[in-house]
Amino acid sequence: MNAPSQSLILPVALREQVSKYARQGQPFECCGLLIGSGQGTVAVQGIVAADNVSKNPELRFEIDPQVQFDALRRLRGTSQRIIGHYHSHPSTPAVPSAYDLSMAHDPEAVWLIVTLNPIEALAAFICPNQAQGFQPLTIKNAE
């Protein structure tokens with residue numbers, strides 16, 4: 001097992017893209033995969049938008065499994081990997097919900113959450129242990 005992430009490097013262009021998807025997806029949660037590399041400090045190098053296939057997309061997100069399978073195939077043999085995912089909270093703060101916690105099964109996965117209300121904001125988390133809950137990550141901008 002890798003060491004838990006402590007910070008996330010997020011290029012400005014990818015930050016803007018995630019926010020754009022969140023605005024376009026309203027009133028539903030948008031979602032997708034974070035592609036990157038690193039340990040301790042993890043760098044996002046790409047995102048893969050996914051359909052939210054949840055039966056209740058205004059309150060929950062579920063990434064289309066085919067998107068994840070396709071990404072895993074594309075990344076095979078490269079230095080990049082799926083480092084986590086992003087999703088939006090259209091009307092609640094950028095903090096993990098109780099439902100998010102119930103779905104946090106990968107202790108190394110980055111959770112990037114974008115909120116649109118009351119103002120647009122992003123926050124990143126990991127959940128190394130469900131009993132301890134989510135831990136915030138420092139987001140560092142990159143060009």
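Let's start with Glu120. In this predicted model, Glu120 is partly exposed, at 38% relative accessibility.

What does Glu120 form a salt bridge with? The partner is Arg23, and the closest N and O atoms are 2.8 Å apart. Look at where the two sit. Glu120 is in the loop between strand E5, 110–115, and strand E6, while Arg23 is in helix H1, residues 12–25. So this pair ties together parts that are 97 residues apart in sequence. Arg23 is partly exposed as well, with a relative accessible area of 41%.

How many salt bridges does the structure hold? Two. Asp70 and Arg73 form one of them, with 3.0 Å between the closest N and O atoms. Both residues belong to helix H2. They are three residues apart there, so about one helical turn separates them. Asp70 has 30% relative accessibility, which makes it partly exposed.

Stay in helix H2, residues 65–75, for Leu72. Leu72 is partly exposed, at 42%.

Now the strands. Take E7, residues 133–142. Strand E1, residues 7–11, pairs with E7 in the parallel sense, over five bridges. Leu10 has Asn141 of E7 as its bridge partner.

Strand E6, residues 121–129, also pairs with E7, but in the antiparallel sense, over four bridges. There, Phe125 is bridged to Pro136 of E7. What joins E6 to E7? A hairpin, running through three residues.

Notes: Residues are numbered from 1 along each chain as its sequence is written. This is a predicted model: local features need pLDDT of at least 70, side-chain atom pairs count only at pLDDT 80 or more; totals for chains, interfaces and linings use all residues. Side-chain values use heavy atoms; hydrogens and water are left out. Two strands pair if DSSP finds at least two bridges between them. Helices (H or I, at least four residues) and strands (E, at least two) are DSSP runs, numbered from the N terminus. Buried means under 20% relative accessible area, exposed over 50%, partly exposed in between (1.4 Å probe, protein chains only). A salt bridge is a side-chain nitrogen of Lys or Arg within 4 Å of a carboxyl oxygen of Asp or Glu.
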